[in-house]
Each structure stands twice: as C-alpha cells, then as structure tokens.
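Here is a brief report on one protein chain.

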Amino acid sequence: MNCFRQASATWRRYLETKLQLPLVLRSFGSVAAVAPFRRVHTLDATDCEWLDSDGLSLLPATLPALQRVDISGCIRAGCIRAMVEGFGPRLLAFAQDVTPKHSTTVVTDVTIESLAASPALQSLSLTLGREVRQPRALEKLTGHRTLQSLALNFLEPNSSADFRGPFGLPLWLPELRHLHLKTSPGRLQGFQWPQGPAAAVAFSTRLRDDSHQSESRFPKIESLTIDDHTAIMQSGLKTQFVFSMACAFLIPITVNHVGTASDIDEALPWVCKLFP
C-alpha cells in the first residue's frame with residue numbers, strides 16, 4: 001500500500017510540474033484545485049457549471065503559463081474583463097460558445113470590448129445572441145494586429161425595438177487568416193448574407209481612412225468556412241455571393257451546410273475554388 005501511495009504521489013508531482021496538455025477544469029471542484037498545474041498552456045472549461053466570473057479572474061495568477069482558454073457552455077461566466085486584463089499579452093486563444101448541453105449564450109458587448117483590448121490574441125471563437133445589444137459590437141475588433149483566426153456563431157439577436165440588427169463584422173483585420181461564419185434558422189437574423197454584387201463587394205473591401213481608395217477587408221485571408229442555417233428567404237446564402245468571395249479573396253470557400261433559404265444545390269461540403 002505504501003508503495004502504491006508513493007507511486008501515486010510521484011505521478012501526481014510529475015503531472016503537476018510537467019503536464020502541458022489541455023487541462024479539463026470540470027474534473028476539479030474549484031480554480032484553487034488546479035493551482036499545482038503551473039505549466040499548463042491550455043484550459044478546457046467547457047460546460048463547467050461552477051465556474052463564474054470571480055473564478056475566471058483568478059485564472060491568470062493561478063496558472064501562470066496559461067495561454068488558451070475555452071469557457072464554452074459556462075453559463076455563470078458572463079464577465080471576462082478581469083480575466084483578460086489579468087492575462088495581458090499572455091492570452092493567445094479564447095472561446096465562448098454554446099454547447100449541446102448549454103445553449104444559452106452569455107457573450108455581451110463588454111465581452112467583445114474586453115477581447116478587442118487583448119494585445120496578443122490570435123484565435124477567437126464566439127457565439128453572439130440576445131446578450132449583445134449593439135449590432136456593431138464586433139467593430140470593436142477592427143484593426144486588431146494579431147488576430148489570425150475568427151469563428152462567429154450568430155444566434156437570434158435581442159428582439160427589443162431599439163436593436164437595429166443584424167450583427168456586422170469587423171471592418172478590417174490585417175492579420176486574419178481563417179474566418180468561420182455560422183448562422184441560425186431563427187425568426188430574427190443574427191447575420192444576413194450579402195445579397196447582390198454590390199453587397200458582396202462591400203463585404204470584401206473597405207475604404208481606407210486616409211483616402212477614398214478601397215482595400216481588402218481581410219488582406220491575408222486564407223480560408224472562409226460557412227455553416228448556413230438561414231430560413232428567411234431574403235437573407236439566405238446565395239451561390240453568387242460564394243463565387244464573389246472566392247474571386248475577391250482568391251481563396252477556397254468551404255460551405256458545410258445550407259439553410260432552406262439558400263439557392264445552393266451543390267453536394268456538401270462544397271469547396272468553391274476559382275483559381276489554379
């Protein structure tokens with residue numbers, strides 16, 4: 001028995017000092033319980049029902065090597081400002097999405113504003129819904145200098161009379177490589193696919209601040225992935241838009257799913273590629 005206890009203690013010390021694999025937070029009872037794992041780079045807190053905003057604020061000091069955090073499905077973790085400020089330039093990746101177990105989104109305007117101020121963020125995945133009050137909230141991310149991967153899941157927005165949706169995208173992301181957009185079949189559209197050639201051009205370009213010349217909205221984009229579930233006819237994903245994006249960005253466009261309002265009849269997943 002003593003040999004077993006010694007072996008267990010040795011193994012635990014090894015894990016605490018050497019483990020760099022993702023740490024699953026819901027296996028523990030509190031943030032303090034993970035304090036010994038000081039070399040962990042990635043934290044998976046998916047569906048961790050006890051994690052709240054106070055617990056989030058403790059993560060930067062508790063796990064000094066932590067760089068990547070996924071709090072998808074953490075319905076009590078609504079405020080992340082203290083956590084993001086605590087990480088400073090250490091935070092490289094962050095995700096806060098809905099899950100099959102928890103379909104309530106808690107991302108707010110303050111969430112986006114806080115992440116926009118994260119100076120070294122490279123990867124971001126968010127689900128936007130009723131708690132985001134400003135349709136142009138994502139414009140806070142405009143000009144972010146390190147963001148390379150952006151995944152956005154648009155649920156039904158707030159139905160209040162003062163909400164002038166749908167949500168818009170960041171106006172310009174100079175380092176973005178990968179963009180993933182997902183829409184829902186709700187009555188109110190969180191995101192509306194551009195309709196017609198002029199709208200497609202507006203989606204892919206922006207006017208420079210210092211002139212009337214246009215430039216690519218995402219100049220380093222390498223891939224665009226689409227999961228469309230739109231059911232409202234005037235907002236559906238159109239074949240013409242996909243072709244326009246493939247031409248504008250000179251990248252493959254991958255369509256994994258189309259809603260009932262789409263005119264796309266290609267076999268899915270469809271990879272639209274209009275260049276050699």
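pLDDT is the predictor's confidence in each residue, from 0 to 100. It applies here because this is a predicted model.

**Confidence**

The chain averages a pLDDT of 86. Of its residues, 88% score at least 70. Helix α1 (residues 2-18) has the lowest confidence in the chain, with a mean of 48. Strand β4 (residues 93-96) has the highest, at 97. Over residues 6-12, pLDDT stays under 50. For that stretch the model has 0 contacts beyond four places in sequence. Where pLDDT is low, the predicted coordinates should not be read in detail.

**Strand pairing**

Strand β11 (residues 253-257) pairs with strand β10 (residues 223-227) and with strand β12 (residues 270-272). The table sets out both pairings.

| Strands | Bridges | Direction | Residue pair |
|---|---|---|---|
| β11 and β12 | 3 bridges | antiparallel | T254 and V271 |

On the β12 side, V271 is the bridge partner of T254.

**Largest pocket**

The largest pocket has a volume of about 220 Å³. It is lined by 14 residues. Closest to its centre are F167, G168, L169, F191 and Q192. What is the make-up of the lining, by nonpolar, polar and charged residues? The lining divides into 9 nonpolar, 2 polar and 3 charged residues.

Definitions and conventions. Residues are numbered from 1 along each chain as its sequence is written. This is a predicted model: local features need pLDDT of at least 70, side-chain atom pairs count only at pLDDT 80 or more; totals for chains, interfaces and linings use all residues. Side-chain values use heavy atoms; hydrogens and water are left out. Helices (H or I, at least four residues) and strands (E, at least two) are DSSP runs, numbered from the N terminus. Contact means heavy atoms within 4.5 Å. Two strands pair if DSSP finds at least two bridges between them. On a 1 Å grid over the protein atoms alone, a cavity is a set of points where a 1.4 Å probe fits but cannot get out, and a pocket is an open set with protein on both sides within 12 Å along at least five of seven lines; lining residues have an atom within 4 Å of a point. Grid points are joined across faces, edges and corners, and a volume is the space filled by probe spheres set on the points. Ala, Val, Leu, Ile, Met, Phe, Trp, Tyr, Cys and Pro count as nonpolar, Asp, Glu, Lys and Arg as charged, and the others, Gly among them, as polar.
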